[in-house]
Amino acid sequence: AEADMTYPEMLFAMFQKVMGMRGSGSEHDCASAVRVASVLFEHCHPPSMDGWLPLFFREVWLRILVAETSELRSMALRLLALMAWYNPKLMLACTEEQQCTKQLFEVWMHWGGHARGLARKILLLGLVRLFQLCVDTVPVCFESGLPLMLQRLFQQSQEIVRWRRRGGREMNVEEGKDEDEEDDLADEERPSQLDAVDEIDILRMALLSVPVPVEKLNQWL
């Protein structure tokens, strides 16, 4: 009975039910559910969500594979990035358990370039967190994809620097905004713990600490 469920249990039950809906008509509702889940991983600290991350990961990963709209796809990708930001080792353990690490990075690299504003920052922070796992040794599952990951980090950091120079404004924004853009603007106005995080500085420190020769980094970039 719902009366016997804790708040996290009720939240996940609703999330799972909505994510199980199919068809393009349900995608906006799914994206809204993903947005709510994103707040948890954006504002909570380990280990508070450790027990829930694998459950949320499985649902959002299965859903992003069949997503039909850019709204759901971008929100799902942002949630995955926030999971990496929250606990990269646990996130990677989930991808390895689901045997989808390579596929996840392919999806991330393919669709991540479309992110804007706060979403771009979140994707960059998620990638940096995963990249920081390479400080001691490069995980086997990262070896082949590390050059592409670095290229994406470099590209997104350039976009963020340009975005900052424009005062936080995107280029070529049309007068008429679609629903996705309005949601992005609403997220920009929402206070976030990530506002105080300097993603470029974190990336710089990660690059300095990773055991890859500078010559190799320059070759990859």
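User: Leaving aside its neighbours within four places in sequence, which residues is Ser-38 in contact with?

Analyst: Good place to start! Ser-38 is in contact with Met-75, Leu-79 and Leu-82, where contact means heavy atoms within 4.5 Å. A word on the source: this is a predicted model, in which local features need pLDDT of at least 70, side-chain atom pairs count only at pLDDT 80 or more, and totals for chains, interfaces and linings use all residues. Residues are numbered from 1 along each chain as its sequence is written, and side-chain values use heavy atoms, with hydrogens and water left out.

User: Why does Ser-38 count as buried?

Analyst: Buried means under 20% relative accessible area, with exposed over 50% and partly exposed in between (1.4 Å probe, protein chains only). Ser-38 has 4% relative accessibility, so it counts as buried. Across the protein chain, buried residues make up 45% of the 221 residues.

User: Where is Ser-38 found?

Analyst: Ser-38 is in helix 2, residues 27-43. Helices here are DSSP runs (H or I, at least four residues), strands are E runs of at least two, and both are numbered from the N terminus. The protein chain has 11 helices and 0 strands.

User: What makes helix 2 roughly parallel to helix 4?

Analyst: The two pack at an angle of about 15°, with axes 9 Å apart, helix 4 being residues 70-86. Angles under 35 degrees count as roughly parallel, over 145 as roughly antiparallel, 65 to 115 as roughly perpendicular and the rest as oblique. Helix 2 is therefore roughly parallel to helix 4. The residues of their contact divide into 12 nonpolar, 2 polar and 5 charged. In that scheme Ala, Val, Leu, Ile, Met, Phe, Trp, Tyr, Cys and Pro are nonpolar, Asp, Glu, Lys and Arg are charged, and the others, Gly among them, are polar.

Definitions and conventions:
Axes fitted to C-alpha atoms, helices over the stretch in contact; angles between N-to-C directions.
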